[in-house]
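Hi there,

Here is the structure I promised to send over. Have a look, and my notes follow below.

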Amino acid sequence: MELNTVLTPQILIVEDELLIAQNLSRKLQKLGYSVVGIVSSGDAAISAVLEKNPDLVLMDIVIKGDMDGIRTAEIIYKEYGVPVIYITAYADDTTLQRAEQTGSYGYILKPFNERALHATIKLALNKHHQQIEILQLLRTAEEFSQKLKSTIKTTALKLGGPSSHILASDLSVALEREELQVYYQPLISFRTRQIVGAEALLRWQNPIRGTISPTTFIPIAEETGMIYAIGDWVLQEACTQVQSWQEKFSMPLKIAVNVSAQQFNQENLIEKIIKTVANTRLKAECLELELTENLLVNDSDQLIETIDHLKKAGIRLSIDDFGTGYSSLGYLRRFSFDSLKIDRSFVQDITTTPDKIAITKAILQMAHHLNLSVIAEGVETEAEFEFLNQHRCHLAQGFLFSPPVTATEFEDFLQENRCFV
Ligand code: C2E
Ligand code: MG
Ligand code: MG
């Protein structure tokens, strides 16, 4: 997925009307581009991409053969990373919608106007270049956080603790014994410095072992299938609570709830979520489900369908721990998320570590580009807050304002109408 290093951008034309293709080729050469080939079918286009490694493909939507231009463009962009601009005489809404989903870099209408041609190509190449840079930064981010995770794991193993099957048996009764509790951590607006919502975070108070961290018991709940019952309960509890605060304080608070990959694979997940939202009388747009990137590795039809359904129901979706897992720009475009949460590991020491500065700036830049709102996790110092504010981050969450607290403590914040920082 690297741009050719030569200065003249190399363009492949996919167009089944030879005269149009030749006319386009002449105009491109006049504008200073190099045309590496003219082909007329999807199969020929893919072979030419492999053979000639162009910087850009100009693709007619209606072409000869089994694959139309949109399907061919999808393969060329998603599998070979070469950007595609469509060339088309006209397009109906369905075709345009299909074309948009392939992550195209724009359209050029026939007959070709040289200035429009030049401007669209230039923009597409710039945008692609920027995305490659961002992707490279995200890869660095990923490696960085994998290293961090393995250090944490080794330390945890050294420290020891109760074995997971003992915890699993305790956890199986924790819900009915009311040992689980939902805590709320404030989400703060950079603009107003006030609470605009909360993330629901589980706590387990075991009578013998004391407080057990969700990072210890959630994986056990996932392995044993207990996450379904626990997840349903958290959602019900959090929606009920936030709806009651909205009414009491007449404010449109949002509530973010974590959803594990296992939960997402349940058949009746959509019905359950929609029902909970309706029963608790919470407005759908006030609920934001937090998913992790790893869930999106498998972009099965079922996953796409589930996400579409939830979006249609008005529920918001965000990517949690962004930058720590499988980071792909493709899925961000494909799944139409509403926001992303920059992982705590990037926010920490953000003002002094050049790598983190570059990564975080790139994430914010990309998010603005994709119209995503950005939440910074783990903001602990004023310097971190200021840095993120300067780079147009939207919401912040972290110990600088408050750790996750009980519902009663959170209600006190609302009562005081507390302004943070
Ligand atoms: P997460 O969703 O990324 O939640 C953010 C975590 O960062 C929370 O840890 C929160 O307490 C912590 N945090 C927030 N601000 C700061 C800060 O300034 N400094 C530091 N050091 N930490 C901060 P917590 O509550 O231990 O939760 C850990 C993870 O457990 C969550 O990460 C989430 O993945 C999972 N989890 C928690 N509750 C649930 C739940 O109801 N369902 C599911 N599926 N997972 C949950
Ligand atoms: Mg979360
Ligand atoms: Mg997180």
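The mean pLDDT of this predicted chain is 87, and 92% of its residues reach 70 or more; pLDDT is the predictor's confidence in each residue, from 0 to 100. Among the elements, α12 has the lowest mean, 70, and strand β9 (residues 254–258) the highest, 98. Helices are DSSP runs of H or I with at least four residues, strands are E runs of at least two, and both are numbered from the N terminus.

The contact (heavy atoms within 4.5 Å) takes 26 residues from domain 1 and 30 residues from domain 2. About 2,400 Å² is buried between them, 69% of it from carbon and sulfur atoms; this is the accessible area (1.4 Å probe) lost on putting the two parts together, summed over both. On the domain 1 side, Leu138, Leu167 and Leu171 lose the most area, together 27% of what that side buries.

A pocket is an open set of points on a 1 Å grid over the protein atoms alone, where a 1.4 Å probe fits, with protein on both sides within 12 Å along at least five of seven lines; lining residues have an atom within 4 Å of a point. Of its 15 lining residues, Glu74, Gln101, Ile304, Asp308 and Arg334 lie nearest the centre.

Residues are numbered from 1 along each chain as its sequence is written, with chains lettered from A and ligands numbered from 1 in the order in which they are written. Local features need pLDDT of at least 70 and side-chain atom pairs 80 or more, while totals for chains, interfaces and linings use all residues, and side-chain values use heavy atoms, leaving out hydrogens and water.

Best wishes
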